[in-house]
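The structure is shown below.

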Amino acid sequence: MRTTMRRDLTTALKARDRVAVSALRSALAAIDNAEAVPAPDARMSSSEHVAGAAVGVGSAEAARRELTPDDLHAIVAAEVAERVDAATGYARSGRQDAADRLRAEADVLRRYLRPE
């Protein structure tokens, strides 16, 4: 799914499709964030110059989580739901233009959800 989304992002950028670009960038960022793991407790430096700096080889590197296809599906589904909810709020407050944009973004992301 991620590979397809990245390829489609490139296509959307070339086509100057702002709605698709916005939706795909946001969804890909959400996926990247989900892969991140909390930094482990590292040995802390007692340097007076950099308080709390981690020291040692590899202290800034952390393995990323491997997401399953179900995880990816859940993340994209959450992105769709978030846009639909926000669009409803915008429509209630009279911001139909913003609501339409968010609904269009949700439609872009729905293409990546497999049928259930």
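## Packing of H2 against H4

In this predicted model, helix H2 (residues 18-35) packs on H4 at an angle of about 65°, and the two axes lie 9 Å apart. The crossing of this pair is right-handed.

From H2, the residues in contact are Val19, Ala20, Ser22, Ala23, Leu24 and Ala27, which meet Arg101, Ala104, Glu105, Val108 and Leu109 of H4. Classified by residue type, the contact of H2 with H4 comprises 8 nonpolar, 1 polar and 2 charged residues.

## Packing of H3 against H4

Helix H3 (residues 69-92) and helix H4 (residues 96-110) have axes that come within 8 Å and cross at roughly 165°. Since angles over 145 degrees count as roughly antiparallel, H3 and H4 are therefore roughly antiparallel to each other. Their crossing is left-handed.

The H3 side of this contact includes Val76, Val80, Arg83 and Ala87, and the H4 side includes Ala98, Leu102, Glu105 and Leu109. By class, 12 nonpolar, 2 polar and 5 charged residues make up the contact of H3 with H4.

Buried positions in H3 are Leu72, His73, Ile75, Val76, Glu79, Val80, Arg83 and Ala87. These buried residues pack against helix H1 (2-15), H2 and H4. Just after H3, Gly94 adopts a positive phi of about 85°.

Notes
Residues are numbered from 1 along each chain as its sequence is written. This is a predicted model: local features need pLDDT of at least 70, side-chain atom pairs count only at pLDDT 80 or more; totals for chains, interfaces and linings use all residues. Side-chain values use heavy atoms; hydrogens and water are left out. Axes are lines fitted to C-alpha atoms, for helices over the stretch in contact, and angles run from 0 to 180 degrees between N-to-C directions. Helices (H or I, at least four residues) and strands (E, at least two) are DSSP runs, numbered from the N terminus. Angles under 35 degrees count as roughly parallel, over 145 as roughly antiparallel, 65 to 115 as roughly perpendicular and the rest as oblique. A crossing is left-handed if the near helix is turned anticlockwise from the far one by less than a right angle, and right-handed if clockwise. Contact means heavy atoms within 4.5 Å. Ala, Val, Leu, Ile, Met, Phe, Trp, Tyr, Cys and Pro count as nonpolar, Asp, Glu, Lys and Arg as charged, and the others, Gly among them, as polar. Buried means under 20% relative accessible area, exposed over 50%, partly exposed in between (1.4 Å probe, protein chains only).
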